[in-house]
Amino acid sequence: LTVLTTIIGALSVAAGLALSGTLQNFTSGVLILLLKPFRVGDIIIAQGQEGIVSSIQIFFTVVTTYQNTTVVIPNSKLSNEVIINLSRQGKRRLDVELKFSFGISFDEVRSVVQKRIDASPEILKEPGAHFGVSAVDADGYKVMINIWVDALAYNKTKLQFQEEIIDDLKNAGLKLPGIN
């Protein structure tokens with residue numbers, strides 16, 4: 001009887017240890033579904049992965065990255081680690097830094113940048129855009145542009161805005177270092 005009790009006790013401990021991760025994932029899944037730190041369709045960064053939440057299950061969450069890979073993250077990792085929800089507020093700040101030589105006046109740069117901001121429907125009017133000289137180096141100065149865009153269109157808008165601002169600067173005769 002003692003041997004049987006010892007065997008049953010050992011099996012119970014082994015089963016408990018084996019199921020502890022599963023129970024953690026289950027409990028974490030219930031908490032995520034109740035507290036909703038993120039929802040399906042949100043863009044999050046978790047466990048070093050950035051992507052769109054495509055599914056929240058009871059034991060795991062599925063994130064589709066921008067490279068179209070599927071990442072399955074155990075819910076216990078999501079409830080015990082930092083999650084950055086990039087889309088919850090509905091808008092994101094886009095920062096673009098450009099470098100100019102001292103031969104180009106900031107007023108010329110300001111004029112071109114302001115025209116591009118005003119002409120871009122993807123840029124949100126509130127909160128307003130900010131830009132100015134962010135650094136002065138030995139060979140020139142850097143201009144930081146802060147604009148607000150729709151969170152779900154952040155990457156598309158970033159690529160499009162950078163392309164447009166480079167074209168606008170070139171058309172205005174203002175050269176960026178290394179661009180002819």
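I count a charge as sitting over a ring if NZ of Lys or CZ of Arg is within 6 Å of the ring centre and within 35 degrees of the ring normal. With that rule I find Arg 92 over the face of Tyr 154, at 3.6 Å from the ring centre.

Notes on the model. It is a predicted one, where local features need pLDDT of at least 70, side-chain atom pairs count only at pLDDT 80 or more, and totals for chains, interfaces and linings use all residues. Residues are numbered from 1 along each chain as its sequence is written, and side-chain values use heavy atoms, with hydrogens and water left out.

Aromatic pairs. I let rings of Phe, Tyr and Trp (its six-membered ring) pair if their centres lie within 6.5 Å; planes under 30 degrees apart are stacked, over 60 edge-to-face, the rest tilted. My search of the whole structure turns up three such pairs. Phe 26 and Phe 59 make a tilted one, 6.0 Å centre to centre with 45 degrees between the planes. Phe 26 is in helix H1 (residues 2-35) and Phe 59 in the loop between strands E2 (49-56) and E3 (60-65), so the pair ties together parts 33 residues apart in sequence. Helices (H or I, at least four residues) and strands (E, at least two) are DSSP runs, numbered from the N terminus.

For burial I use relative accessible area: buried is under 20%, exposed over 50%, partly exposed in between (1.4 Å probe, protein chains only). Phe 26 comes out partly exposed at 38%, and Phe 59 partly exposed at 35%.

Next I looked at Phe 102 and Tyr 141, a tilted pair at 6.3 Å centre to centre and 35 degrees between the planes. Phe 102 is exposed at 51%, whereas Tyr 141 is buried at 6%. Ring pairs also join Phe 100, Phe 102 and Tyr 141 into a cluster.

Backbone. I found a cis peptide bond between Glu 126 and Pro 127, omega about -10 degrees. Pro 127 belongs to the loop between H3 and strand E7 (130-137).

Two non-glycine residues went on my positive-phi list. Gln 47 has phi near 55 degrees and lies in the loop between strand E1 (43-46) and E2; Gln 47 is partly exposed at 39%. Asn 68 has phi of about 65 degrees, lies in the loop between E3 and strand E4 (70-74), and is exposed at 63%.
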